[in-house]
Amino acid sequence: MLLSATSIQPWSSAFPASTFASRCRTQMEINQIHANLITTGHIHNPTLTSKIILDFVFSHHKPSVDFARRLFLDYNYRDPFLWNAIIRSFSHGNEPGNAYQVFVLMLVRGVLVDEYSFSLVLKSCSRLHLLREGMQIHGLMCKFQFGSDVFLQNSLICMYIKCGILQFGRRIFDRMLIKDSFSYNLMIDGYVKCGMVSAARELFDIMPSDVKNLVSWNSMISGYVKLENGFEYAWDLFDKMPERDLVSWNLMLDCCAKNGNMNLAQNLFDKMSKRDVVSWASMVDGYAKVGNVDAARYFFDAMPQRDVISCNAMMAGYVNNGCYNVALKVFHDMLGGGFGLAPDSVTLLTALSATTQLNCINEGIAIHRYIQKHRFATNGKLGVALIDMYAKCGAIEQAMRVFECVRDKSIDHWNAMIGGLAIHGLGYLAFDLFMEMERLSLKPDDITFVAVLHACGHSGMIKEGLVCFEIMRRFHRIVPKLQHYGCMVDILSRGGQIEAAAKFVKEMPVPPNDVVWRTLLSACTTRENLNIGEPVAKHLIGMDSCDSSSYILLSNIYAQFGLWEYVRRVRAVMKQRELDKVPGCSWIELDGTVHEFFAGSISNMNLSSSSKF
């Protein structure tokens, strides 16, 4: 206990409250200080309470800060320094919106505001993107003639940039009589973050050399790193830098990795006198993206210290290169404490992606439990990934439960659920879900219609498919893409309307690709329509003579009509061109392990174990 009845100093003195204030940590200790102030009457002593407020308001402990604010509001203080301290506790804390309210109260009570007061309230407006309030502060600054201060002008520029109004920030910048490096760097960084790299470069080039610093160079390099064709410009700037820091090296390293130039990235990495976890993670990510997962793993294992980002990069590298089991092994190493790291939402998304690819439902359930246990939000990408995982692993009921439990569903949640119902052949449920979106006035996107049309095609719902296509074009004004036309061809073809499908393909405003033609050809094979199927097959072969599926489908059509001579000719051409049929592939999960089977192959799996299926 902080204070007691046996304290050396009497309770009537101010000593306990003023001396022990800086040591308070808990609410109980705060309550004791407060009680001491009340019982001794020192709570009415503004000199003492002002000192306690200043001692408490800059504390890192929330109870102390809250007490300072409460003590401050109980008395009509006139000292601007005290008001600024309270405003700062809000503008730099977790409740920046209250800084504006205290500033308004300061004006109402007639307390003199100064440059520091304005800078603090502008910071809160910047953090919360409060454009209207920020413009009001700007007007008040002009009225009080505080507009010439460089620090305040920089604060205004920062506020306008954070609120997305770069032209207002640039207007203030251009009117500044004196500009420092921070002024230039604010504008350059603002342009870069809005993708206006050319405007940033123009400002960078006219920037006086005496104010151009590392931040200026690094901001410009980071802008070029984000551009697809920015590598040469970034390298030119990096080469001209008068001095470099770790940020400079890491930016260029990341630029090389993103462009797949790993030889240059390796050279840079070897030259670096100092490296941090970002440097190593860039090498891991770069090698993984070019498909060299062994090199990526070498750097991952050699890292002096790993973080979640590097683990995510390694996992993503494995997933993107088809090494799903190894990606999950990294995930389990994180969970098991081998790395001493806690997975974040990106980790879980990557793990769910690997699980979905492996169709490993038990692993997916375990990840779902981890998400629930650690209270990860499912109203974003994680919820979408869970719905997709359950649907693709065959648990459509569980996917529906996840969907129903998600609050504030985004369009991605609806798309994932409709797509999941589609792959399970539940076209009518998918169509009903789409109509529910219409009833709720939710705006679908092009992916929504791909999912709905796909569902209609797999369920033979020709009428509903045509309705959806017209709703997309006429009501939502969405211009159909090739995927939408392909779905319509599939709907008509599966419904046996081969002639209508062929006519639809001919009238498409965009050139049909091989998938559209192959969909029509497959329907011709199923429906034994040689008149349409033969020219379609020959057209496909002309488009891509190396794809065996077109030859196989054409051969099957000839076989259906007993045209064996034509079958032999097609097979002979395939043999001459060394085209092999791609074997079918299936997966089965047994005792937590996913086994893969190819048509015509002999699996090394114990046949007696699988025979029970």
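Predicted model: local features only at pLDDT ≥ 70, side-chain atom pairs only at ≥ 80, totals over all residues.
Visitor: How many helices and strands are in the chain?

Guide: The chain has 35 helices and 2 strands. Both are DSSP runs numbered from the N terminus, with at least four residues (H or I) for a helix and at least two (E) for a strand.

Visitor: And what share of the residues count as buried?

Guide: Of 613 residues, 47% are buried. Buried means under 20% relative accessible area, exposed over 50%, and partly exposed in between, using a 1.4 Å probe and protein chains only.

Visitor: Back to helix pairs. At what angle do the axes of H33 and H34 cross?

Guide: Roughly 165 degrees, with the axes of H33 (residues 548-560) and H34 (residues 564-576) coming within 8 Å. The axes are lines fitted to C-alpha atoms, for helices over the stretch in contact, and angles run from 0 to 180 degrees between N-to-C directions. H33 and H34 are therefore roughly antiparallel.

Visitor: Which residues of H33 and H34 meet?

Guide: On the H33 side they include Tyr551, Ile552 and Leu554, and on the H34 side Trp564, Val567 and Arg571 are among them. Contact here means heavy atoms within 4.5 Å. By class, that contact has 11 nonpolar, 3 polar and 1 charged residues. Ala, Val, Leu, Ile, Met, Phe, Trp, Tyr, Cys and Pro count as nonpolar, Asp, Glu, Lys and Arg as charged, and the others, Gly among them, as polar.

Visitor: What about H25 and H27, how do their axes cross?

Guide: The axes of H25 (residues 411-423) and H27 (residues 446-458) come within 8 Å and cross at roughly 15 degrees. That makes H25 roughly parallel to H27. Their contact has 8 nonpolar, 5 polar and no charged residues.

Visitor: New topic. Asparagine 218: which helix is it found in?

Guide: Asparagine 218 belongs to H13, residues 214-226.

Visitor: Is asparagine 218 buried or exposed?

Guide: Asparagine 218 is buried because its relative accessible area is 8%.

Visitor: What is asparagine 218 in contact with, leaving aside neighbours within four places in sequence?

Guide: Met241, Asp245, Val247, Ser248 and Leu251. With serine 248 there is also a side-chain polar contact of 2.7 Å. A polar contact is a pair of N or O atoms within 3.5 Å; within protein, one must be able to donate a hydrogen and the other to accept it, and residues adjacent in sequence count only if both atoms are side-chain atoms.

Visitor: Last one. Where is the place of arginine 477?

Guide: Arginine 477 sits in the loop between H28 (462-475) and H29 (482-494). Arginine 477 has a positive phi of about 55 degrees although it is not a glycine. At 68% relative accessible area, arginine 477 is exposed.

Visitor: And glutamate 528, which loop?

Guide: The one between H31 (514-527) and H32 (530-543). Glutamate 528 also has a positive phi of about 55 degrees without being a glycine, and is partly exposed at 44% relative accessible area.

Key:
Residues numbered from 1 in each chain as written. Heavy atoms only, no water. Parallel < 35°, antiparallel > 145°, perpendicular 65-115°, else oblique.
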